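Subject: Structure for you, with notes

Hello,

Here is the structure I promised to pass on. Could you open it beside the sequence while you read my notes?

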Amino acid sequence: MQKLFVEKISGDTVLLEGESARHIGRSLRMRVGDMLMVTDGSGRDYGCQISEMTNKTVTLKICYEQANESEPTCKVRIFQGVPKSGKMEDIVQKCVELGVCEIVPTLTKRCVSKPDEKSSEKKIARYQKIALEAAQQSGRGILPKISPMQSLTQAVKQDDSEVKIVFYEGGGRSIKEIVTPQTESVSIYIGPEGGFEESEVEQIEASGGIRATLGKRILRTQTAPVAGLTAIMLLTGNLE
């Protein structure tokens, strides 16, 4: 069933306007009487029937409510070294589908792409839109957050996850030794195209981070977060 995120649900009807209304009418070609699912990101899903449509609005009648069952038990945050070109868009899309709760574009010493504040804000808005589309497509119960771009030092200071992992091509512990089915929150640090400098890995370790490996092969910066997140979802029982 088609799913949409809405800002707030109150009462027994939902009024859609703007892009959401246009998407239903023009892109999906839905009509009065059709059913779809909506959520306000609170972890609850609402089965709705289209009761009225105009050129600018769509009115939905809530038929039933249920708990969303697609959210993983482990909250994973990714601190992603800012890559070149459109790689971050792919990272956001795939990781939202897999269950990430937050992605933080992180500036490291080897980042080639270092956008100014205005450009950064535009990129974050674009990434958040991609996250919304991926969350709707994959049936998520929350809308994962794409945080403002920040330095590695800022990232390390604000990271309060139970487990902190830095995936490093220089080797480290097996992820199976670090994450268990009982793990509730994990942060993973991924370097940009050139990887982390040794001093940056030590900085993450000083804040409680653990060096880990994703195998003997060196993965691209857009592959590593997908592989790491998938492994965490499997080890915590969220791919069963």
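First, some ground rules. This is a predicted model, in which local features need pLDDT of at least 70 and side-chain atom pairs count only at pLDDT 80 or more, while totals for chains, interfaces and linings use all residues. Residues are numbered from 1 along each chain as its sequence is written, and side-chain values use heavy atoms, with hydrogens and water left out.

**The five-stranded sheet**

An open sheet with mixed pairing is built from five strands in the order β1-β3-β4-β5-β2. Strands here are DSSP runs of E with at least two residues, helices are runs of H or I with at least four, and both are numbered from the N terminus. Two strands count as paired if DSSP finds at least two bridges between them. At the edges sit β1 (3–5) and β2 (13–17), each of which pairs on one side only. On average, neighbouring strands of this sheet are turned by 40° against each other, direction ignored.

Helix α1 (residues 18–27) packs on the sheet and touches β1, β2, β3 (35–39), β4 (44–53) and β5. Contact means heavy atoms within 4.5 Å. The direction of α1 makes about 95° with that of β2; such angles run from 0 to 180 degrees between N-to-C directions, with axes fitted to C-alpha atoms, for helices over the stretch in contact.

- β3 and β4 are antiparallel, with four bridges, and Leu36 stands opposite Cys48 in β4. The two strands form a hairpin with four residues between them, and Gly41 in the turn has a positive phi of about 85°.
- β4 and β5 are antiparallel over nine bridges, with Tyr64 in β5 as the bridge partner of Gly47.
- β2 and β5 (residues 57–67) are antiparallel over five bridges, and Glu17 stands opposite Thr57 in β5.

**A strand on the inside**

Is β10 (residues 163–167) enclosed or open? All five of its five residues are buried, so the strand is largely enclosed by the rest of the structure. Buried means under 20% relative accessible area, exposed over 50%, and partly exposed in between (1.4 Å probe, protein chains only). In a regular strand, side chains alternate between the two faces of the sheet. Here both faces are covered, with Val163, Ile165 and Phe167 buried on one side and Lys164 and Val166 on the other.

β10 runs parallel to β12 (residues 185–190), joined by four bridges, and Lys164 stands opposite Ser187 in β12. With β13 (residues 210–213), β10 pairs in the parallel sense over three bridges; there Ile165 stands opposite Ile210.

Another buried residue is Ile91, with a relative accessible area of 0%. Ile91 belongs to helix α2 (residues 87–98). Leaving out residues up to four places away in sequence, Ile91 touches Gln80, Pro83, Ile103, Thr221, Gln222 and Pro225.

**Salt bridges**

How many salt bridges are there in the whole structure? A search finds 13, counting a side-chain nitrogen of Lys or Arg within 4 Å of a carboxyl oxygen of Asp or Glu. Three of them may interest you:

- Lys3 pairs with Asp45, the closest N and O atoms being 2.9 Å apart. Lys3 lies in β1 and Asp45 in β4, so the pair ties together parts that are 42 residues apart in sequence. Both Lys3 and Asp45 are buried.
- Arg44 pairs with Glu65, with closest N and O atoms 3.0 Å apart. This pair links β4 to β5 across 21 residues. Arg44 is partly exposed at 32% relative accessibility, and Glu65 is partly exposed at 44%.
- Asp160 and Arg77 meet at 3.5 Å, N to O. Asp160 lies in the loop between α4 (152–158) and β10, and Arg77 in β6 (residues 75–81), 83 residues apart. Asp160 is exposed, at 63%, whereas Arg77 is buried, at 13%. Salt bridges that share partners join Arg77, Glu102, Asp159 and Asp160 into one network.
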